Amino acid sequence: MTEQDWVSERFAEHQDRLKAVAYRMLGSPSEAEDAVQEAWLRVSRADTSQVENPAGWLTTVVARVCLNMLDARRSRREDSAGALPPEPDAGIHPPGHADPEDEALLADSVGVALMVVLDTLTPAERLAFVLHDVFAVSFGEIGAIIDRSPVAARQLASRARRRVQGAAGASDAARSAKREIVEAFLAASRSGDFAALLELLDPDAVVGEVRGDHAVAAFFAGRAQAARLALVDGVPAAVWSHLGRPKAVFMFTIEDEKITRIDIDTDLDRLRDLDIVVLPAGDKERR
């Protein structure tokens, strides 16, 4: 048997698993298919003389392809993000034909909550969580894929797991009246709807040194273009990120369905300690 024949047989033998890994990593049937095809191009040209564990080797190749695709996807999103307003001085199917059973399997295997927070994880967190919790890949193998130590790989998976579990526990908060008010405020801010902002603000609303509903509405009207609705430590808020890292968090104090205070925190040390889960945009944000 030639080396090429051996590679072809091993790839065919493990192809279903490789497709499953790519699908759960990327969440897209078409991208998963692309990842597996790219992996085949790589392994077909590789030196296999030192390969002792074909399944592990092929999984590593596919995982690295997926990691590159996740990095590229993240970069595209960051490049398309707008700028923050100035702060106050203070089994897979062909592309386009996802089987409902595959979608259900994805949700069951990685958890429904992950579907909400999946895109908020860094590529390394996502890879560590999916490979370990879904496919039982060791942290030693995961660390080798992402050029980290096994301990660092374990920490990445643990961090991702906490965010998934936190999103599940915060599902009620995500649907709360406070979320609707924050969401409406962001939508009004983006569209420059001054009247709508006034409706949401308490007459004595405060943002840093800016005081009074008219002053606060004027400050935010037409701004906050890149701020995203989020749960910050389980509480509806807004966050602005740059290059995938939170740079500002907007926390809202609401009394009697009116916003009385907005605190903007840009201290990077504090932000790193926060559990931030970006939420999908609702109807108000998409208008």
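How many residues does helix H10 have, and how far does H10 reach from its first C-alpha to its last? Hi everyone, let me start there.

Helix H10, residues 177–191, has 15 residues and reaches 21 Å, close to the 21 Å expected at 1.5 Å a residue; the expected span is 1.5 Å times one less than the number of residues. Helices here are DSSP runs of H or I with at least four residues, numbered from the N terminus.

Before I go on, a word on the source: this is a predicted model, where local features need pLDDT of at least 70, side-chain atom pairs count only at pLDDT 80 or more, and totals for chains, interfaces and linings use all residues. Residues are numbered from 1 along each chain as its sequence is written, and side-chain values use heavy atoms, with hydrogens and water left out.

Back to H10: eleven of its 15 residues are buried, so H10 is largely enclosed by the rest of the structure. Buried means under 20% relative accessible area, with a 1.4 Å probe and protein chains only. Among the buried ones are Arg179, Glu183, Phe185 and Arg190. Just after H10, Gly192 takes a positive phi of about 70°.

Now to helix packing. Helix H6, residues 123–134, packs on helix H7, residues 139–146, at an angle of about 150°, with the axes 10 Å apart. That makes H6 roughly antiparallel to H7, a label for angles over 145 degrees. Axes are lines fitted to C-alpha atoms over the stretch in contact, and angles run from 0 to 180 degrees between N-to-C directions. On the H6 side, the contact (heavy atoms within 4.5 Å) is made by Leu127, Ala128, Leu131 and His132, and on the H7 side by Phe139, Ile142, Ile145 and Ile146. Seven of these residues are nonpolar, one is polar and none is charged.

H6 also meets helix H1, residues 3–26: their axes come within 10 Å and cross at roughly 135°.

Is Val7 buried or exposed? At 3% relative accessibility, Val7 counts as buried. Leaving aside neighbours within four places in sequence, Val7 is in contact with Trp40, Val43, Ser44 and Thr48. Thanks, everyone!

Notes:
Helices (H or I, at least four residues) and strands (E, at least two) are DSSP runs, numbered from the N terminus. Angles under 35 degrees count as roughly parallel, over 145 as roughly antiparallel, 65 to 115 as roughly perpendicular and the rest as oblique. Ala, Val, Leu, Ile, Met, Phe, Trp, Tyr, Cys and Pro count as nonpolar, Asp, Glu, Lys and Arg as charged, and the others, Gly among them, as polar. Buried means under 20% relative accessible area, exposed over 50%, partly exposed in between (1.4 Å probe, protein chains only).
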